[in-house]
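Please walk through this structure with me. We begin with an annotated stretch, move to the ligand, and end with a pair of helices.

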Amino acid sequence: MTGRPDDPAPNPHATEAQVQAALADNKLAQVLYHDWEAETYDDKWSISYDERCIAYARGRFDAVAPNAVLPYERALELGCGTGFFLLNLMQSGIAKSGSVTDLSPGMVRVATRNAQRLGLDVDGRVADAETIPYEDETFDLVVGHAVLHHIPDVELALKECLRVLKPGGRFVFAGEPTTIGNRYARRLGQATWKVTTEITKLPFLQGWRRPQEELDESSRAAALEAVVDLHTFDPADLEGMATRAGAVDVHAETEEFAAALWGWPVRTFEAAVPDEKLTWRYRMVMYRAWLGLSWLDENVMRRVVPRQFFYNAMLTGVKPGASGR
Ligand SMILES: C[S@@+](CC[C@H](N)C(=O)[O-])C[C@H]1O[C@@H](n2cnc3c(N)ncnc32)[C@H](O)[C@@H]1O
């Protein structure tokens with residue numbers, strides 16, 4: 001199942017020539033990279049549609065928009081990927097119906113398939129966040145997770161959000177890398193990848209080594225990753241962009257400091273070894289450790305560490321007018 005019948009088809013196996021062309025065309029790079037990732041994305045990021053991820057998605061929403069009046073009638077997700085944010089928010093009761101959109105046809109295909117499996121009232125469409133293909137004042141809520149940093153003109157995308165929102169409607173974006181957080185996360189990730197892929201060359205650790213062609217494909221993708229990640233943000237800059245776009249009640253929050261310092265090496269290690277080595281027990285231990293460090297961040301670090309040092313930024317704002325939700 002894809003989005004609309006006139007949407008372009010996914011292209012999960014880009015040729016070398018296409019990758020070269022993408023280096024000079026950022027939107028093409030976004031499509032190739034995310035089409036390539038789409039079918040394995042949920043596994044790579046341990047995304048699920050059960051209590052664990054429902055609570056996570058809802059926690060991000062409530063952290064930045066605690067006073068929203070729920071449920072919204074119709075929600076839009078930009079850069080939906082496999083649907084992680086909106087589908088889990090809808091399962092938590094945030095909106096009655098929704099539209100998942102993404103620049104990557106492969107992602108829209110997986111997101112609509114996930115929505116159908118969950119029995120949610122959701123349609124899908126290939127869409128660029130800088131030119132959202134919906135009429136003015138269509139939605140009550142616009143959400144996005146880890147998408148703003150891929151969009152060349154973030155302020156333009158925020159203006160587009162406000163255009164398609166009804167007066168009083170709200171946008172909520174989460175999962176955006178802060179400038180300082182991204183610096184330490186990237187360094188930790190690169191070091192973990194190097195150590196893991198080198199150490200698993202040792203004969204007695206061969207069972208922990210992913211097949212060479214998979215590692216080569218990951219390295220090719222990593223070259224494109226450097227192209228698709230366009231921005232990092234200071235929370236105050238995010239607030240400035242939203243205000244200049246025309247939003248009111250603008251507010252940015254940040255979270256994850258100790259959790260990010262620990263989580264990035266863990267996630268990179270998991271991507272570098274065969275999936276079957278990561279048992280359910282291991283995953284639960286890692287998840288509990290992440291919960292513990294998140295608690296530490298929320299209850300201790302938050303009081304002593306400035307907000308721009310945390311890894312994840314969230315942003316909300318409201319379209320001026322009517323009901324003021
Ligand atoms: C890091 S992924 C996040 C996916 C999902 N929201 C999540 O959190 O799992 C970023 C997504 O943004 C999409 N994207 C990149 N540029 C975009 C644009 N200009 N408009 C809409 N989506 C875009 C990519 O195709 C990709 O699916």
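The paragraphs below follow that order.

This is a predicted model. An unreviewed UniProt entry places the feature "domain: Methyltransferase type" at residues 76-173. Helix makes up 34% of the chain over residues 76-173, and strand makes up 33%. The end C-alpha atoms of this stretch are 12 Å apart.

Turn now to the ligand. Which residues come nearest to it? They are His34, Gly79, Gly81, Ala129 and His145, out of 21 residues around the ligand. Two helices each supply at least two residues of this shell: helix 2 (26-44) and helix 4 (84-91). Sorted by class, the shell holds ten nonpolar, eight polar and three charged residues.

Helix 2 also packs elsewhere. Two packed helices are described by the angle between their axes and the distance between the axes. For helix 2 and helix 8 (residues 212-228), the axes come within 9 Å. They cross at roughly 135°. Helix 2 is therefore oblique to helix 8, since angles over 145 degrees would count as roughly antiparallel. The crossing of the two helices is left-handed.

Which residues meet where helix 2 contacts helix 8? Helix 2 brings Asn26, Ala29, Gln30, Leu32, Tyr33 and Trp36. Helix 8 brings Ala221, Leu224, Glu225, Val227 and Val228. By class, this contact has eight nonpolar, two polar and one charged residues.

Note on methods:
Residues are numbered from 1 along each chain as its sequence is written. This is a predicted model: local features need pLDDT of at least 70, side-chain atom pairs count only at pLDDT 80 or more; totals for chains, interfaces and linings use all residues. UniProt positions are given in the numbering used here, feature names are shortened, and annotations may be inferred rather than shown by experiment. Helices (H or I, at least four residues) and strands (E, at least two) are DSSP runs, numbered from the N terminus. A residue is near a molecule or strand if its C-beta atom, placed from the backbone, lies within 6 Å of it. Ala, Val, Leu, Ile, Met, Phe, Trp, Tyr, Cys and Pro count as nonpolar, Asp, Glu, Lys and Arg as charged, and the others, Gly among them, as polar. Axes are lines fitted to C-alpha atoms, for helices over the stretch in contact, and angles run from 0 to 180 degrees between N-to-C directions. Angles under 35 degrees count as roughly parallel, over 145 as roughly antiparallel, 65 to 115 as roughly perpendicular and the rest as oblique. A crossing is left-handed if the near helix is turned anticlockwise from the far one by less than a right angle, and right-handed if clockwise. Two residues are in contact if their C-beta atoms, placed from the backbone, lie within 7 Å.
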